[in-house]
Amino acid sequence: MKTFDYGERKATNVLLQPVDEHDLSLIEQEVAFIGSNTNENFHVTAFLVDDWNRDLSPWQAPAVFGKEDFGDGARQTLQEILKYCEEDSRKYYIGGYSLAGLFSLWAVCQTDRFCGAAAASPSVWFPGFTDYLRDHRVQSKSVYLSLGNKEERSRNAVMAAVGDRIRETYEILRNQEIPCTLEWNEGNHFRDSELRTAKAFSWVLACR
């Protein structure tokens with residue numbers, strides 16, 4: 001994966017974000033928003049994902065839109081990202097939007113290397129994910145969740161379950177006594193992705 005860096009290179013706090021080309025085109029606005037909404041120093045490393053449905057999916061699942069099925073490349077992607085988390089003097093946070101948000105929630109079930117997960121409009125409708133989350137404890141110190149208030153109105157039956165699944169995810173985390181929040185944003189899934197992701201990272205940076 002190609003990487004792109006923003007912010008203070010020597011910052012204590014490192015934000016790690018899988019992105020696609022659309023996310024990358026907006027990431028400077030995202031970084032600016034984080035900078036204006038936190039007093040913490042931070043560095044962002046964005047990982048440009050080659051195959052979104054394959055590289056961020058924790059296991060195989062059938063397509064829910066279009067014809068492209070979901071692969072099981074998340075483990076390999078996580079191994080690559082963890083190579084950027086080797087300095088014990090720094091704090092690492094994982095986050096992203098949509099399927100990258102789901103990946104981030106899955107990632108903090110695999111390792112305690114991340115202080116927080118910033119899951120903005122995460123694809124928690126992904127088949128079997130909330131069952132997995134119930135059986136695998138989150139190992140980060142905090143989790144941010146959000147969703148657009150129109151996302152559960154999707155005409156796609158699988159994706160329309162996202163509202164119920166995000167509420168379920170929030171309750172699972174609360175039962176695990178993980179510091180977390182669930183924020184509802186205006187609009188559908190395609191609105192203000194950079195702002196929503198920035199709010200997610202800003203919250204986990206502030207959470208102690």
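Reader: What volume does the largest pocket have?
Author: About 320 Å³. This is a predicted model, where local features need pLDDT of at least 70, side-chain atom pairs count only at pLDDT 80 or more, and totals for chains, interfaces and linings use all residues. Residues are numbered from 1 along each chain as its sequence is written, and side-chain values use heavy atoms, with hydrogens and water left out.

Reader: How is a pocket defined here, and a cavity?
Author: On a 1 Å grid over the protein atoms alone, a pocket is an open set of points with protein on both sides within 12 Å along at least five of seven lines. A cavity is a set of points where a 1.4 Å probe fits but cannot get out. Lining residues have an atom within 4 Å of a point. Volume is the space filled by probe spheres set on the points, which are joined across faces, edges and corners.

Reader: Back to the largest pocket. Which residues are closest to its centre?
Author: W52, Y97, S98, H189 and F190, out of 16 lining residues. α1 (21–36) and α2 (52–55) each supply at least two residues of that lining. Helices here are DSSP runs (H or I, at least four residues), as are strands (E, at least two), numbered from the N terminus.

Reader: And the lining by class?
Author: 8 nonpolar, 6 polar and 2 charged. Ala, Val, Leu, Ile, Met, Phe, Trp, Tyr, Cys and Pro count as nonpolar, Asp, Glu, Lys and Arg as charged, and the others, Gly among them, as polar.

Reader: Switching to cavities. How many of 30 Å³ or more?
Author: The count comes to 1. The largest cavity holds about 50 Å³. Q17, D23, L26, E30, Y97, S193, E194 and T197 line it. α1 and α8 each give two or more of those residues.

Reader: How do α1 and α8 pack, then?
Author: At an angle of about 45 degrees, with axes 8 Å apart; α8 is residues 193–206. Axes are lines fitted to C-alpha atoms, for helices over the stretch in contact, and angles run from 0 to 180 degrees between N-to-C directions. So α1 is oblique to α8. Under 35 degrees counts as roughly parallel, over 145 as roughly antiparallel, 65 to 115 as roughly perpendicular and the rest as oblique.

Reader: Which residues of α1 touch α8?
Author: H22, D23, L26, Q29, E30, F33 and I34 make the contact from α1, with contact meaning heavy atoms within 4.5 Å. The α8 side includes L195, A198, F201 and L205.

Reader: What angle for α3 and α4?
Author: About 75 degrees, between α3 (residues 74–82) and α4 (residues 99–110), with axes 11 Å apart. That makes α3 roughly perpendicular to α4. A74, R75, T77, L78 and I81 of α3 meet F103, W106, A107 and Q110 of α4. By class, that contact has 6 nonpolar, 2 polar and 1 charged residues.
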